[in-house]
Amino acid sequence: MNRNKGKNTRTMDRKEFIKTCSALGLGAYLFPSLLTGCSPEEDSYPEFDVNFSGKVLIVGAGAAGITAGYVLNQYGIDFEIIEAAPVYGGRVKEISGFADFPIDLGGEWIHTDATILSTLINDSSVDAKIDIINYSPETLYLWNNNKLKKRNFFSNFYGELKFKSTTWFSFFDNYMMPAIGNRITLNSPVTAIDYSTDKVRVTNTNNDIFEGDRLILTVPLTILKQNRIDFTPALPASKIAALDEIYMPDGIKVFMEFSERFYPDITYEGGLADVINGDEGEKIYYDAAFGKDTNRNILGLFSVGSPSTRYTSIATDEELVQYILNELDEMFDGKASRHYIKHVTQNWSKEPYIGGSYTHGDNSSAAPILKESLDGKVYFAGETYAPEDYATVHGAAQSAYVAVEQILKG
Amino acid sequence: MKQLLIILFLSAGFYQAGAQEPPGRPPVSVGYFSHYGFQPGLKIGTMFPLAGDTLRQWVFSPQLGFFTNPGDDTNALFNLEVGYKKPKRGKHAYSQWSAGLGYLHQSKLQSFSIHLGNGNTGDRQRVGDNFLLPTISYEYGWATHRKISWYLKPALGIRLLGRNEHSTMLLLEFGIRL
């Protein structure tokens, strides 16, 4: 398909902001336009060669699993999705009703050009628009050594995109799920995958057996690292070694409503050097209502990696929110407790079939090995295996296209 | 950027013809003007002597500028500066410290839509904001002709009185004065 795309250029997003500055040092702050200008994007996926006609099993119904099913359905290939949790979506998840706009409890930002949404749908007959926020904060503070410091100067280098009145979850739910929803088996945690014969056999906790010709495995990295699936034959030693090179640390999101707004658009924890060297994780408080059509004051806490463990390890929700309110009171002179209305928590570390945030670590050497199929029968997809932007929702979905293309190639 | 440079040099050619006019006409400056050096724009200005001799003088300079952060914001600036100009390393180079007060109008992209079928963007919603922009700047210039000089001018400013809190700006200008 040859389509005329209208690109929306932008400044660095949070991941680029941290990754690029980390790679290039402070000088990179001066080059956001040049760096984002290099961001490669596919306009649409080409028609894949189809030399395959069997059945594909997909384990996991997150962004990658849903996309894999959606693409296979476009090609008329038989498939079945097996999901461990009682709901689909994986790390794309929304809550509606907390505010007067839906809130992403999982993947939230669009870490690339917005045309990726059209690219992923890959269907010119779809006649629908999605509103996108130019997420370009004006006020940026640093909370460092128990002092709140205004650093609005740096907000000029930071920008990315978000859904305005929808979410990542509703993107998949509205535009992919209707075609494939009847092919998902929920509450079906997979315990074993046998690819020793021509067929691939999958066993779940109820000892139900699913059989297919190929399999796309989209479970989070933690599931593989914790050996929660028995492989027959066992995973190759090279793959196990590659799994050891990367990790999926803790992750949490908390949203709080306040009767007054007392916070800036973004508050980073740490000094500028900590923000730049964000390899161990990050923590931000951010205005979750930024650019939304609302008068509600919704503050989000997003934290992954080592800064998040202090939150994810707190036993109860009540203790967690009190801990956060105390922290915010310290930052904002007691205003958080005074104006607190309610909150909602999403502790990804405690999700039984997720167990953390997203892939961290230098996966440059691990990724090529992890992306290799098992005997041409078991393929891998998910944010860990993204062709370019790993640790992102769109990267997970793109990896599904790669896996499907390989299977269809035969 | 290439287009901007072409405009700059065409403008220089145009004004070079004007530079042959009798002395007394105020000089005109045309320059690449940018936020941080990489959010590109253009600035034109002129300069009037307030006091001093031909080498050391107090000058008054009104300017019009434009710069953009592609896909995010576009900015128009009307700026008035008072500066002190003095020769540096001989009469072919000069330096100038200036203080300025500008009015900055910014139009910022708030949201847009993406069409899922064809990927086209549309429905762009923009919001305007206005600021006072006091600046201090240092200009280094050198003459390559008796009526042509080139200059490099970094400036530090603070955006004030907008909808949000104040924010520091680093502006960079490189151009020709005729």
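**View 1. The surroundings of B:Tyr151.** Setting aside residues within four places of it in sequence, B:Tyr151 touches B:Glu139, B:Tyr140, B:Gly141, B:Gly175 and B:Arg177. Here, two residues are in contact if their C-beta atoms, placed from the backbone, lie within 7 Å. This is a predicted model, where local features need pLDDT of at least 70 and side-chain atom pairs count only at pLDDT 80 or more, while totals for chains, interfaces and linings use all residues. Residues are numbered from 1 along each chain as its sequence is written, and chains are lettered from A and ligands numbered from 1 in the order in which they are written. B:Tyr151 belongs to strand 8 (residues 148-159) of chain B. Helices (H or I, at least four residues) and strands (E, at least two) are DSSP runs, numbered from the N terminus. B:Ser137 sits 14 residues away from B:Tyr151 in sequence, and the two are 12 Å apart in space, C-alpha to C-alpha.

**View 2. Chain B on its own.** Chain B has 1 helix and 9 strands. Following the sequence, they come in the pattern α-β-β-β-β-β-β-β-β-β. Of the 178 residues in chain B, 34% are buried. Take the contacts in chain B between residues at least 6 apart in sequence: 47% of them join residues at least 24 apart.

**View 3. Where chain B meets chain A.** The contact draws on 26 residues from chain B and 42 residues from chain A. On the chain B side, strand 6 (93-115) and strand 9 (167-177) each supply at least two residues. Which strand of chain B gives the most? That is strand 6, with 8 residues. By class, the chain B side has 7 nonpolar, 16 polar and 3 charged residues. For that count, Ala, Val, Leu, Ile, Met, Phe, Trp, Tyr, Cys and Pro are nonpolar, Asp, Glu, Lys and Arg are charged, and the others, Gly among them, are polar.

**View 4. A strand pair across the two chains.** Strand 6 (residues 129-135) of chain A runs antiparallel to strand 6 of chain B, and 5 bridges join them. Two strands pair if DSSP finds at least two bridges between them. Look for A:Ile130, which faces B:Ile114 in strand 6 of chain B.

**View 5. The parallel sheet of chain A.** This open sheet has 5 strands in the order 10-2-1-14-21, with parallel pairing. Strand 10 (184-185) and strand 21 (378-380) of chain A are at the edges with a single partner strand each, so one side of each has no neighbour in the sheet. Strand 1 (residues 55-59) and strand 14 (residues 214-217) of chain A are joined by 4 bridges, and A:Leu57 stands opposite A:Leu215 in strand 14. Helix 14 (residues 393-409) of chain A lies across strand 1, strand 14 and strand 21, at about 155° to strand 21. Axes are lines fitted to C-alpha atoms, for helices over the stretch in contact, and angles run from 0 to 180 degrees between N-to-C directions.

**View 6. The largest nonpolar core.** This core has 77 residues, and A:Ala68 and A:Leu215 have the most contacts inside it. A nonpolar core is a set of buried Ala, Val, Leu, Ile, Met, Phe, Trp, Tyr and Cys residues joined through C-beta atoms within 7 Å. Helix 14 of chain A brings the largest share, 8 residues. Both domain 1 (1-39 + 131-165 + 249-357) and domain 2 (45-91 + 167-247 + 359-410) of chain A give residues to this core, so it lies between them; the domain bounds come from an automatic or database domain assignment. Leaving out neighbours within four places in sequence, the contacts of A:Ala68 include A:Ile58, A:Ile216 and A:Val404. A second, separate core has 34 residues, among them A:Trp143 and A:Met331.

**View 7. The mixed sheet of chain A.** Here 7 strands make an open sheet in the order 8-7-17-18-19-16-20, and the pairing is mixed. Strand 8 (147-150) and strand 20 (340-347) of chain A are the edge strands, each pairing on one side only. From one strand to the next, the twist averages 20°. Strand 18 (residues 281-287) and strand 19 (residues 297-305) of chain A run antiparallel, with 7 bridges between them; A:Glu282 has A:Val304 as its bridge partner in strand 19.

Note on methods. Buried ≥ 20, exposed ≤ 12 C-beta atoms within 10 Å, placed from the backbone.
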